[in-house]
Amino acid sequence: MTDTRSTALPDIHRSDFPAGFLWGCSTSSYQIEGGVNEGGRGESIWDRFCATPGTIRDGSSGAVACDHYHRWPEDLDIARGLGANAYRFSIAWPRIFPRGRGAVPNAAGLDFYSRLVDGMLERGLQPWATLYHWDLPQALQDEGGWVARKTVDDFLAYTDAVTRHLGDRVKHWITHNEPWCTAFLGHQYGAHAPGLKDFRQAIQVCHHLLLSHGRAVPLIRANVKDAQVGITLSLHPIVPASASAADAAAVTRHDGLRNRWFLDPLHGRGYPADVLALLGSDVPQVQAGDMDAIATATDFLGINYYFPEEVADDPAGGAVRSRVVERHGVERTAFGWEVSPQGMVTLLDRVQRDYAPAQVYLTENGSTYDDVVLPDGRIEDAGRRSYLARHLEAAKTALAHGVPLKGYFAWSLLDNFEWAEGYVRRFGLTHVDYATQQRTLKASGHWYANFLKAGRP
Ligand code: FCB
């Protein structure tokens, strides 16, 4: 895809945002670390999934990825060089408990993250740790994984070990990244690890993820003085494919499973009744006290925003009878995801109107384009730069609407292993040459650095 939008940058400045606003980048463990057999790390469901033929578009895996396990000082230098004041990363559960659980956590795993956190603090980067960004220990999957209720207890034991060890320095904790993806991509569509295709199980996984989140909140608070705890959801504005009443009704149903299925229980409303009615015998098994635990108050809501979804009524479209259709004539990234900064404003306004979280962080937002390395080594990723600038403008608009937005984390610091897409998709502000592991800041990264430095308080 050719980038032709280099001239369309909005007039946006860091000084347009409140003092104390957090600026950062996001990454996740399996996507960047590599070193899968080092430091006593156990097998994760992504190691196993990648080893299954036909799962990953380019047949690759995260075995080496960005070799961040060894190169993290350089990577944190890049984040500091951008002028960021925060950095979001995730912890690989199989580095802490290689077989998922145990009497004693793996010291080498804890040490790795301890050094990483110290490296952030030395560089003025506030650490934001995600406990679960999809790399479940395979040993737990062998016992049923997130379909099994006891995995909730294993998550709590893992959370306890990590927060005890890092809680003196890490104050910001995200329990789960995008439970929708874990549940549905991993258990209904088979597109992500563990590669299952069972809608009923996916629904049960949602419940166990949410339950493990809710039960982790007080545990984290007990272990971490002045903790700020939240969860990150992938949320989408849902728009109708036509003006028909049938499509309007499909929007409500689709939104029910995509967004409200998570937002409602987290905000004390239980699972949405209209969606429960559509699920029939696939409703989740819920035990007494679960919904109260899930509704435990948090300090912030993390939102990952990428694109809106356009849906049509479709009687064959699963429990919520909807089908995602491709809106014609709209701007798209190389992934085919619609580019809609306005969609971000709509989404943030809606979340505020319907749920009023006290604090909101955009914990991911970014784009993939087919980057070209020029003969002189530069990467002129005008599309990504424009995407970034226009979404920051959207963030400013949402703030003006009264959304309590407190920070923005760009996805991603580095090109990395993009799950089922392998290394085909590059989301980084920094280009990674996977043959040499050389990092090169792209034009979008330079733009972000200039944006951040120009208005530095
Ligand atoms: C999100 C994931 C993140 C990355 C981006 C592109 O859904 O949280 O790991 O893959 O998409």
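Biologist: Where does P194 lie?
Modeller: First a caution: this is a predicted model. P194 lies in a loop, with α8 (179–187) on one side and α9 (199–223) on the other.

Biologist: What should I look for at that residue?
Modeller: Look at the peptide bond and its omega angle. The bond from A193 to P194 is cis, with omega near 5°.

Biologist: Which residue does a cis peptide bond join to W411?
Modeller: The partner is S412, and omega there is about 10°. S412 sits in the loop between β11 and β12 (430–433).

Biologist: Is D226 buried or exposed?
Modeller: Read the relative accessibility. Over 50% is called exposed. D226 has 59%, so it counts as exposed.

Biologist: What is phi at W419?
Modeller: Near 50°. That is again a positive value in a residue other than glycine. W419 lies in the loop between β11 and β12.

Biologist: Is W419 buried or exposed?
Modeller: The cut-off for buried is under 20%. W419 counts as buried because its relative accessibility is 3%.

Biologist: Now the strands. How many residues of strand β1 are buried?
Modeller: Five of its five residues. β1 covers residues 22–26 and is mostly covered.

Biologist: Which way do its side chains point?
Modeller: Start with the general idea. In a regular strand the side chains alternate between the two faces of the sheet. Now the case here. L22, G24 and S26 point one way from β1, while W23 and C25 point the other way. All of these residues are buried.

Biologist: Which strands pair with β1?
Modeller: Take β11 to begin with. β1 and β11 (residues 405–411) pair in the parallel sense over five bridges. Then look at β2 (residues 86–90). Three bridges join β1 to β2, and the two run parallel. Here the landmark is G24, opposite A86 in β2.

Biologist: Is strand β4 mostly covered or mostly open?
Modeller: Mostly covered. β4 spans residues 172–177, and six of its six residues are buried.

Biologist: In which sense does β4 pair with β3?
Modeller: In the parallel sense, over four bridges; β3 is residues 126–132. A129 stands opposite W173 in β4. β4 also pairs with β5 (residues 228–234), in the parallel sense and over four bridges. On that side, N177 stands opposite T232 in β5.

Biologist: How far is a polar side-chain atom of N177 from an oxygen atom of the ligand?
Modeller: 2.9 Å. Check E178 as well: an N or O atom in its side chain is 2.5 Å from a ligand oxygen atom. For E418, a polar side-chain atom lies 2.8 Å from an oxygen atom of the ligand.

Biologist: How much of the ligand does the protein bury?
Modeller: Compare the ligand alone with the ligand in place. Alone it exposes 300 Å², and the protein buries 95% of that. The space it takes is the largest pocket.

Biologist: Last, the helices. Where does L140 lie?
Modeller: In helix α6, residues 138–141. L140 has a relative accessible area of 1%, so it is buried. L140 and T151 are 11 residues apart in sequence and 7.2 Å apart in space, C-alpha to C-alpha.

Biologist: Where is P73 found?
Modeller: In helix α3, residues 68–82. P73 counts as partly exposed because its relative accessibility is 30%. Its C-alpha atom is separated by 15 Å from that of Q126, 53 residues apart along the chain.

Key:
Residues are numbered from 1 along each chain as its sequence is written. This is a predicted model: local features need pLDDT of at least 70, side-chain atom pairs count only at pLDDT 80 or more; totals for chains, interfaces and linings use all residues. Side-chain values use heavy atoms; hydrogens and water are left out. Buried means under 20% relative accessible area, exposed over 50%, partly exposed in between (1.4 Å probe, protein chains only). Two strands pair if DSSP finds at least two bridges between them. A polar contact is a pair of N or O atoms within 3.5 Å; within protein, one must be able to donate a hydrogen and the other to accept it, and residues adjacent in sequence count only if both atoms are side-chain atoms. Accessible areas come from the Shrake-Rupley method with a 1.4 Å probe; for residues, only the protein chains shown count as cover. On a 1 Å grid over the protein atoms alone, a cavity is a set of points where a 1.4 Å probe fits but cannot get out, and a pocket is an open set with protein on both sides within 12 Å along at least five of seven lines; lining residues have an atom within 4 Å of a point. A molecule sits in a cavity or pocket if more than half of its atoms lie within 2 Å of its grid points.
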